[in-house]
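Thanks for coming, everyone. Today I will walk you through one structure, step by step. Please have a look at it first.

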Amino acid sequence: MTTLTGSGLWRFLILQLFLVHLLALLSGATAKQQPHIVFILADDYGWNDVGFHGSQIKTPNLNKLAFEGVRLENYYVQPICTPSRSQLMTGRYQIHTGLQHQIIWPCQPHCVPLDEKLLPELLKEAGYATHMVGKWHLGMYKKECLPTRRGFDTYFGYLLGSEDYFSHERCIFIAPLNKTACALDLRNGEEAAADFKDIYSAHVFTAKSIDLIASHDPGKPLFLYLAFQSVHAPLQVPDKYMEPYSFIQDEKRRHFAGMVSVMDEAVGNVTEALKKHGLWDNTVLIFSTDNGGQTLEGGNNWPLRGRKVTLWEGGVRGVGFVTSPLLKNKQVINRELIHISDWLPTLVNIAGGSTNGTKPLDGFDVWKTISEGEPSPRKELLHNIDAIYDDPSPCPGTSNKRLPSEATVNSWSSIFNTSIHAGIRYKNWKLLTGYPGCGHWFPQPNSTDAEEYWSPDSPKKQIWLFDIESDPAEREDLSSKHPTIVEHLLQRLAYYQNTSVPIFYPDDDPQCDPSATGVWGPWA
């Protein structure tokens with residue numbers, strides 16, 4: 001055995017110290033590679049409802065965060081709640097999860113398929129503490145569907161799609177029972193939370209989020225998913241938030257503006273908490289809407305066409321931005337194509353995690369696109385294919401669906417059934433088929449910008465092609481001028497249709513009735 005003495009011993013000790021220091025550096029580098037992730041999702045927040053798009057509604061906190069970070073100006077979501085949230089959580093198109101049609105209603109025995117691996121599960125595997133506050137709306141008919149069974153360490157919020165902002169109750173007509181049931185929909189974990197009556201939901205959710213931030217160990221990576229009820233109907237808000245908007249004559253728009261102001265204040269308070277408790281410098285904050293604004297409930301998407309539930313830009317082009325000290329490019333506008341399904345692979349990547357174990361993803365890792373300005377890996381985007389689509393808010397005086405008798409056979413029918421409600425984007429081109437939903441342009445209430453308010457299209461029209469880059473308001477249909485592009489995009493729709501799973505949209509289950517417990521929740 002060799003004994004170290006003199007200079008040899010010193011060299012050995014120096015080498016040991018160097019290795020210890022190197023391991024510490026590597027450990028620190030690993031920690032820095034796992035940023036805190038805060039994802040804030042607004043509900044029914046339209047293109048023309050945020051200050052940085054020129055809205056009359058004041059959003060100083062959202063404006064500041066967006067201008068400090070990266071504004072996503074070619075960013076897409078789905079036109080309605082459940083599909084957007086499912087694609088955020090799975091990274092997969094709704095045609096691949098059976099959620100092509102509408103939403104998950106309270107009494108449907110349905111949830112995001114349990115064999116889908118969700119974003120919080122992947123982040124938890126990467127060492128994250130995972131917390132959710134706010135709206136779930138991904139199904140709750142049995143306990144296995146609940147947020148705390150799908151990857152979240154903690155949950156505080158409501159399970160259904162909407163409710164009263166103050167009482168936190170939801171009233172629903174249960175068709176098989178021919179009765180309306182009203183019950184509480186607010187939970188702390190898996191237990192009913194009955195102590196928050198008369199406290200406005202945005203205030204409750206903000207306080208809960210700040211408590212989570214304050215008690216979090218900065219040395220452990222945090223994933224906080226804050227899904228506000230704001231600004232979904234019903235139009236409710238404390239009076240003081242409407243006072244700055246006395247100039248808005250339209251009552252719905254005035255209430256809506258106050259609701260936006262509460263949400264803007266809430267985002268500012270959450271951001272300040274991240275800074276106060278030492279998390280901000282290592283945080284990536286994402287803000288997104290879940291779909292376009294509902295013009296029937298005070299929202300607005302001007303100058304974009306359409307509204308919530310439609311495939312027009314007003315239904316699917318989303319308000320979104322990313323802000324973080326970790327961004328390489330800051331104070332920029334990003335016009336690369338990005339979709340809500342891209343968040344799962346993107347966030348798992350920056351978390352140092354793995355998407356192994358998921359089903360084939362439709363989303364792309366777009367972190368370098370956002371942070372460094374590289375071209376988006378996404379060139380194509382499927383908006384949806386729904387063969388039984390109906391519009392719950394059709395244009396005034398029109399049907400909520402395209403009847404088969406109204407469809408006409410055309411030269412494209414051999415490629416794809418163009419009477420089907422569908423939409424696809426390829427680079428700057430967007431193709432719509434069937435009945436996309438109400439196609440009016442809805443000016444901001446009290447505005448004089450009412451030109452071309454009504455859709456000029458025939459009820460029998462089935463195909464539209466737009467150059468979205470030069471015509472984001474979808475005013476000039478180019479389908480007759482570019483038949484080759486139409487043919488290519490129809491072939492792509494046919495491809496996606498062949499990869500889709502059947503729509504799952506079950507009838508209401510009368511066992512959902514919450515009368516016995518007074519709380520909406522799992523029943524199966």
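Let me start with a term. A pocket here is an open set of grid points where a 1.4 Å probe fits, with protein on both sides within 12 Å along at least five of seven lines. Its volume is the space filled by probe spheres set on those points. Keep in mind that this is a predicted model.

The largest pocket has a volume of about 480 Å³. Its lining counts 26 residues. Which of them are the closest to its centre? They are Trp105, His232, Gln294, Lys308 and Pro392. By type, the lining of the largest pocket splits into 13 nonpolar, 8 polar and 5 charged residues.

Hold on to Lys308, one of those residues closest to the pocket centre. Side chains of opposite charge can pair when their charged atoms come close. Lys308 does this with Asp44: a salt bridge, 2.9 Å from N to O. Where do the two partners sit in the chain? Lys308 is in the loop between S11 and H7, and Asp44 is in the loop between S1 and H2.

Lys117 pairs with Glu125, with the closest N and O atoms 2.6 Å apart. Glu125 is exposed, at a relative accessible area of 52%. Then there is Lys328 with Glu372, where the closest N and O atoms are 3.5 Å apart. Lys328 lies in the loop between strand S12 and strand S13, while Glu372 lies in helix H9. These two are 44 residues apart. Lys328 counts as exposed, at 61% relative accessibility. Glu372 is partly exposed, at 30%. Salt bridges can also share partners: Asp43, Arg85, Lys135 and Asp290 are joined into one network that way.

Next, the rings. A pair of aromatic rings is described by the distance of the centres and the angle of the planes. How many aromatic pairs does the structure hold? It holds 23.

Take Tyr45 and Phe287. Their ring centres are 6.1 Å apart and their planes stand at 85°, so the pair is edge-to-face.

Now Trp312 and Trp464. Why is this pair edge-to-face? The planes are at 80°, and the cut-off for edge-to-face is over 60 degrees. The ring centres are 5.5 Å apart. Trp312 belongs to the loop between S11 and helix H7, and Trp464 to strand S18, so this pair ties together parts 152 residues apart. Trp312 is buried, at 1% relative accessible area. Trp464 is buried as well, at 2%.

Some rings gather in a group. Phe39, Tyr75, Phe152, Phe223, Tyr225 and Trp343 form one aromatic cluster.

Last item: charges over rings. Lys208 lies over the face of Phe156, 4.8 Å from the ring centre. The charged end of Arg317 sits over the ring of Trp47, at 5.6 Å from its centre.

That is my tour. Over to you for questions.

Conventions. Residues numbered from 1 in each chain as written. Predicted model: local features only at pLDDT ≥ 70, side-chain atom pairs only at ≥ 80, totals over all residues. Heavy atoms only, no water. Phe/Tyr/Trp six-rings, centres within 6.5 Å; stacked < 30°, edge-to-face > 60°. Helix = DSSP H or I, 4+ residues; strand = E, 2+ residues; numbered from the N terminus. Buried < 20%, exposed > 50% of the residue type's maximum accessible area, 1.4 Å probe, protein only. Lys NZ or Arg CZ within 6 Å of the ring centre and 35° of its normal. Salt bridge = Lys/Arg side-chain N within 4 Å of Asp/Glu carboxyl O. 1 Å grid on protein atoms, 1.4 Å probe; cavity = no way out; pocket = protein on both sides within 12 Å on 5 of 7 lines; lining within 4 Å. Nonpolar A, V, L, I, M, F, W, Y, C, P; charged D, E, K, R; others polar.
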